[in-house]
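Reader: I have a new model on my screen and would like to learn how to read it. Could you take me through it step by step?

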Amino acid sequence: MSSDKLVLFDLPSKDPCAAWSLNPWKKYPDIRLKIKPNVPSNESGVAHTIPTVRFPDGTWMMDSAKIAPVLEELQPQPSLHLDSPYLSRVTAIFGDIFSRIRPNFYAKIPVNLLNDVALDFWYTTRRERLGMSVEEFEAKYGGEPSYAAAEPFLQQMTALLKENGGPFFLGKEASYADFVWVSGLVFMKRIDEAILNEVLRRTGDASVHEALLDACAPWLKRNDH
């Protein structure tokens, strides 16, 4: 099949139904059934993941890291700057932040975001992975200690955003690195705005992150297409 459209497959949510997951690799039932007939299984880990894209020539592809270079080739301008050293730096700090604050949102995702069809999958797989319920995970590891552990890395992200004067990591030009971090900020806001506010408070300068969100607004407007 061929068309002039590029189709992105992502996770649905409760209303307002819009993009929310920064790393939606989970094989939710409704997504797996759509993707499985069209894309070979991943060689390791979860068999079928999202985001998945169907390109205009009819080919399908999973994995953001594989999709981005193809998008860059299809539309080289404006560039995603995939070769920017900021991408690896942002990605590393991003991982340090989210590994520490995740106990605060695991229990809120099914309550505030997931559709009913995905609830059993979420609770079952998270209990298997964590060895406890998501509520127990939050009570045991969330709250002040988790935010305090993330704070040094949040301030590293702030320093990185300031290096070239903002609002983007490269200065006046947007890049893939910006979308990595903005996806995290939007993710927190969709789950619970109180989480985002606490994270911003710990950054040392919330204004640079708010400026990045504002600068990315033209792309964020397309979150429900």
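Author: Gladly! Let's start with a term we will need: a residue counts as buried when its relative accessible area is under 20%, as exposed when that area is over 50%, and as partly exposed in between. Keep in mind that this is a predicted model.

Reader: Thanks. Which residues of H2 are buried?

Author: In H2, the buried residues are Ile 67, Ala 68 and Glu 72. They share one side of H2, because the arc they cover around the axis is only 140 degrees. Lys 66, Glu 73 and Leu 74 are exposed on the other side of H2.

Reader: What covers the buried residues of H2?

Author: The cover includes strand E2 (52–54), E3 and H8.

Reader: Why do residues three or four places apart in an α-helix point the same way?

Author: The general idea is simple: an α-helix has 3.6 residues a turn, so residues three or four places apart point the same way. Now try H3 as a case. The buried residues there are Tyr 86, Leu 87, Val 90, Ile 93, Phe 94, Ile 97, Phe 98 and Ile 101. They lie on the same side of H3, because they cover an arc of only 145 degrees around the axis. Pro 85 and Ser 88 are exposed, on the face turned away from that buried side.

Reader: And which helices do the buried residues of H3 pack against?

Author: Their partners are H7, H8 and helix H9 (193–201). As for its length, H3 has 17 residues and reaches 25 Å from its first C-alpha to its last, close to the 24 Å expected.

Reader: How many helices and strands does the protein have?

Author: There are 11 helices and three strands. Along the sequence, the pattern reads β-α-β-β-α-α-α-α-α-α-α-α-α-α. Of the 225 residues in the protein, 43% are buried. Among contacts with a separation of 6 or more, 66% come from residues 24 or more positions apart.

Reader: Next, pockets. How does one find empty space in a model?

Author: Rolling a probe the size of a water molecule over the atoms shows where empty space is left. Here, the second largest pocket has a volume of about 160 Å³. Its lining includes Val 39, Pro 40, Trp 60 and Lys 66. Strand E3 (residues 60–62) gives the most to this lining, with three residues. Sorted by class, the lining holds five nonpolar, three polar and two charged residues.

Reader: Let's turn to the backbone. Where are there cis peptide bonds to look at?

Author: Go to Gln 77 and Pro 78: the peptide bond between them is cis, with omega near -5 degrees. Pro 78 sits in the loop between helix H2 (64–74) and helix H3 (85–101). Another cis peptide bond joins Gly 166 and Pro 167, with omega about 5 degrees. Pro 167 belongs to the loop between helix H7 (144–162) and helix H8 (176–191).

Reader: Which residues other than glycine have a positive phi that I could inspect?

Author: Asp 63 is one of them, with phi near 85 degrees, and it lies in the loop between E3 and H2. His 81 is another, with phi near 55 degrees, and its place is in the loop between H2 and H3.

Reader: Is each of these two buried or partly exposed?

Author: Use the cut-off from the start. Asp 63 has a relative accessible area of 33%, so Asp 63 is partly exposed. His 81, at 19%, is buried.

How values were computed. Residues numbered from 1 in each chain as written. Predicted model: local features only at pLDDT ≥ 70, side-chain atom pairs only at ≥ 80, totals over all residues. Heavy atoms only, no water. 1 Å grid on protein atoms, 1.4 Å probe; cavity = no way out; pocket = protein on both sides within 12 Å on 5 of 7 lines; lining within 4 Å. Points joined across faces, edges and corners; volume = space filled by probe spheres on them. Helix = DSSP H or I, 4+ residues; strand = E, 2+ residues; numbered from the N terminus. Nonpolar A, V, L, I, M, F, W, Y, C, P; charged D, E, K, R; others polar. Buried < 20%, exposed > 50% of the residue type's maximum accessible area, 1.4 Å probe, protein only. Expected span 1.5 Å × (residues − 1). Arc of directions from axis to C-beta. Contact = heavy atoms within 4.5 Å.
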